[in-house]
Amino acid sequence: MMKAELKKAFHKQINEELYSAYLYAAMVNYFEEQNLAGFATWMRAQTVEELNHANKLISHLHERGAEVKLDAIAKPTSSWKSPLAAIEAAYKHECHISACIDDLYARATKAGDNAAALFLNWFVTEQVEEEASADEVVQKLKLAQNAPGAMFMLDRELGARTPTFPTGAAE
Ligand code: MG
């Protein structure tokens, strides 16, 4: 049985993941408005993955017989001064999420909840990937942003992304 305090921390993380999906949905709109359909596709895949993260956390609570409380999702920023500013904001947001996961993991360990800590291992590893993939786009965009031909190619490259589904998610 999961302790009440840890359960509350899981609820907070579910909200963080849902907010991430909402923020990235706002970025999809921004990139569509900038006529960067490939960037929009990349961000749409990111949105789907964030919903998967929320569902994975929700499934763990259900498996543990713990109730799930959904809170209101904050309004996301909806415009950025440039595509680079938007992607940099996504990278910064993932760094914030990594800190949240580290905090949740520490709480699970402190509570002696080995099942939760083992479950959260997946998220710890996932955040390394999340930061790396957002940073990769930041770096490529820095190289391409002032060269229309390079931007065209980068947009096409990002448009090839499809969402990946986490193992052990709510299938
Ligand atoms: Mg996430």
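**Close-up views of a predicted model**

**View 1. Glu 50 and His 53 share helix α2.** Glu 50 and His 53 sit three residues apart, about one turn of the helix, in α2 (residues 37-63). Helices are DSSP runs of H or I, at least four residues, numbered from the N terminus. Both residues are buried, meaning under 20% relative accessible area with a 1.4 Å probe, protein chains only (exposed is over 50%, partly exposed in between). This is a predicted model: local features need pLDDT of at least 70, side-chain atom pairs count only at pLDDT 80 or more, and totals for chains, interfaces and linings use all residues. Residues are numbered from 1 along each chain as its sequence is written, and side-chain values use heavy atoms, leaving out hydrogens and water.

**View 2. The magnesium ion and its donors.** Glu 17 (OE), Glu 50 (OE) and His 53 (ND1) coordinate the ion at 2.1 to 2.2 Å. Donors are N, O and S atoms within 2.8 Å of the metal (3.2 Å for Na, K and Ca); water is not among the atoms, so sites may look incomplete. The donor spacing in sequence is E-x32-E-x2-H.

**View 3. Cys 95 and Cys 100.** The disulfide count is zero, a disulfide being a pair of cysteine sulfur atoms within 2.5 Å. The sulfur of Cys 95 has its closest cysteine sulfur in Cys 100, 11 Å away, too far for a bond. Cys 95 is partly exposed, at 26% relative accessibility. Cys 100 is buried, at 9%.

**View 4. Helices α3 and α4.** The axes of α3 (residues 83-110) and α4 (residues 114-144) come within 9 Å and cross at roughly 165°.

Definitions and conventions. Helix = DSSP H or I, 4+ residues; strand = E, 2+ residues; numbered from the N terminus. Axes fitted to C-alpha atoms, helices over the stretch in contact; angles between N-to-C directions.
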